[in-house]
Amino acid sequence: CKSLISLSEGFGELKSLTELKLYNCQSLVSLPEGFGQLKSLTSLNLRSCSKLVSLSEGFGELKSLKKLIMYRCPAASSMPAALKEQLKGQGCESKGW
């Protein structure tokens with residue numbers, strides 16, 4: 001998915017989605033605001049998304065997230081400390097952040 005720039009705003013309507021791999025999406029610059037509506041999402045791989053510099057506001061709503069991979073993803077360094085603590089508190093495995 002090297003040419004994927006963004007996901008549709010309606011992406012958050014995929015309520016049953018449990019795993020999402022956006023590995024090596026080097027052109028991805030943002031996640032849609034509705035991303036936090038993915039209530040069933042347990043695993044997210046954003047490895048090597050080199051143009052993704054921040055996460056959407058609703059990211060903290062991903063209460064089922066148990067695995068987050070963000071190696072070589074600039075958004076990892078700009079992730080608010082409160083969000084990191086929240087994710088760790090819900091048992092989310094951290095890789096690269």
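1. The model is predicted: local features need pLDDT of at least 70, side-chain atom pairs count only at pLDDT 80 or more, and totals for chains, interfaces and linings use all residues. Residues are numbered from 1 along each chain as its sequence is written, and side-chain values use heavy atoms, with hydrogens and water left out.

2. The protein chain has 1 helix and 4 strands, in the order β-β-β-α-β along the sequence. Helices (H or I, at least four residues) and strands (E, at least two) are DSSP runs, numbered from the N terminus.

3. The radius of gyration, taken over C-alpha atoms, is compared with a globule rule of 2.2 Å times the number of residues to the power 0.38. The protein chain has a value of 12 Å, close to the 13 Å from the rule for 97 residues, so it is as compact as a globular protein of that length. Its C-alpha trace spans about 35 × 30 × 20 Å along the principal axes.

4. Of the 97 residues in the protein chain, 42% are buried. Buried means under 20% relative accessible area, exposed over 50%, and partly exposed in between (1.4 Å probe, protein chains only).

5. Contact means heavy atoms within 4.5 Å. Leaving aside neighbours within four places in sequence, Leu 46 is in contact with residues including Leu 22, Leu 52, Leu 68 and Cys 73.
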